[in-house]
Amino acid sequence: MTTLPALPDMILEPLVRSALLEDLGTNGDITTRTVIPAGTHYRARIVARQSGIASGMQLARIAFSLVDPTLKITIIRDDGSEFVAGDELAIIEGDAASILSGERVALNFAGRLCGIATMTAAFVAQTAGTDTRITCTRKTTPGLRMVEKQAVLHGGGFSHRFSLSDAILIKDNHIAAAGGIRPVLQSVKAHASHMMRVEIEVDRLDQLQQVLDEGGADVVLLDNMSTEMLQRAVAMNAGRLVLEASGNMRLERIAEVAATGVNYISSGALTHSATTIDLGLDF
């Protein structure tokens, strides 16, 4: 996978700090304070128990550093790189109590995000030989959207809008409340900034034709369409607008959907259904 530039630590630190405060509670790591003699030093390794794509390693490093800035942390597998079972992903050296106190938060972030990156890579692999891109959605864990979307990028996917304020995405309920496709697009043309991208959702081909006739959209979300309908939609569009297939986009269906010629396939499963990768901290 392509390694992406890391986000500045200062953006991620509040998220990691909050997780550490949750885990350390009001009295800190009582177990470690009770049983580990002061001054005990150790060399620990984050080791993969299964294959995957690395993500969350930056957050793991930040977690250990926030607990104890004197710890020496060496990242061996950068975010976006592949690993197999048995690989060392990082080495942490220093005070044993500090390492143990940061262990769970570091592994929680890394395991969860490695899972998202790994699932995304599996989806991307199904688009081989096409120009179709895999993208995530806003179906993310509350409070973790920034890092979960970053994990999608680490897996070779692309990000959809980050929040409601990033772009205009007109869904079926907007269309129903506004009185139809033409009225809602006319309103967008009258009020939206020229700098704002506009996407509109359709689930029928006659709706797609209305969008093409009316204008005002940049992207059309083809929702829950059969493969045959997607093929017809691509032919109707003839390259005029960006087409995004969404809804019921399971891994086993991605190859045939990509073959229709849609520009993007979006799947909430990348973030809401990814399985955490098993990582361990070995002393």
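A residue counts as partly exposed when its relative accessible area lies between the 20% under which it is buried and the 50% over which it is exposed. In this predicted model, Phe283 has a relative accessible area of 40% and is therefore partly exposed. Tyr42, at 42% relative accessibility, is also partly exposed.

**The aromatic pair**

A pair of aromatic rings is described by the distance of the centres and the angle of the planes. One aromatic pair is found when the whole structure is searched. Its members are Tyr42 and Phe283, with ring centres 4.6 Å apart; the planes stand at 40°, so the pair is tilted. The two residues come from distant parts of the chain, being 241 residues apart.

| Residue | Location | Relative accessible area |
|---|---|---|
| Tyr42 | strand β1 (residues 41-48) | 42% |
| Phe283 | segment after β12 (279-282) | 40% |

**The packing of α8 and α9**

Two packed helices are described by the angle between their axes and the distance between the axes. Helix α8 spans residues 205-214 and helix α9 residues 227-237; their axes come within 10 Å and cross at roughly 20°. Because angles under 35 degrees count as roughly parallel, α8 is roughly parallel to α9. The crossing of the two helices is right-handed.

On the α8 side, the contact is made by Leu205, Leu208, Gln209 and Leu212, and on the α9 side by Met229, Arg232, Ala233, Met236 and Asn237. Six of these contact residues are nonpolar, two are polar and one is charged.

How values were computed. Residues are numbered from 1 along each chain as its sequence is written. This is a predicted model: local features need pLDDT of at least 70, side-chain atom pairs count only at pLDDT 80 or more; totals for chains, interfaces and linings use all residues. Side-chain values use heavy atoms; hydrogens and water are left out. Axes are lines fitted to C-alpha atoms, for helices over the stretch in contact, and angles run from 0 to 180 degrees between N-to-C directions. Helices (H or I, at least four residues) and strands (E, at least two) are DSSP runs, numbered from the N terminus. Angles under 35 degrees count as roughly parallel, over 145 as roughly antiparallel, 65 to 115 as roughly perpendicular and the rest as oblique. A crossing is left-handed if the near helix is turned anticlockwise from the far one by less than a right angle, and right-handed if clockwise. Contact means heavy atoms within 4.5 Å. Ala, Val, Leu, Ile, Met, Phe, Trp, Tyr, Cys and Pro count as nonpolar, Asp, Glu, Lys and Arg as charged, and the others, Gly among them, as polar. Rings of Phe, Tyr and Trp (its six-membered ring) pair if their centres lie within 6.5 Å; planes under 30 degrees apart count as stacked, over 60 as edge-to-face and the rest as tilted. Buried means under 20% relative accessible area, exposed over 50%, partly exposed in between (1.4 Å probe, protein chains only).
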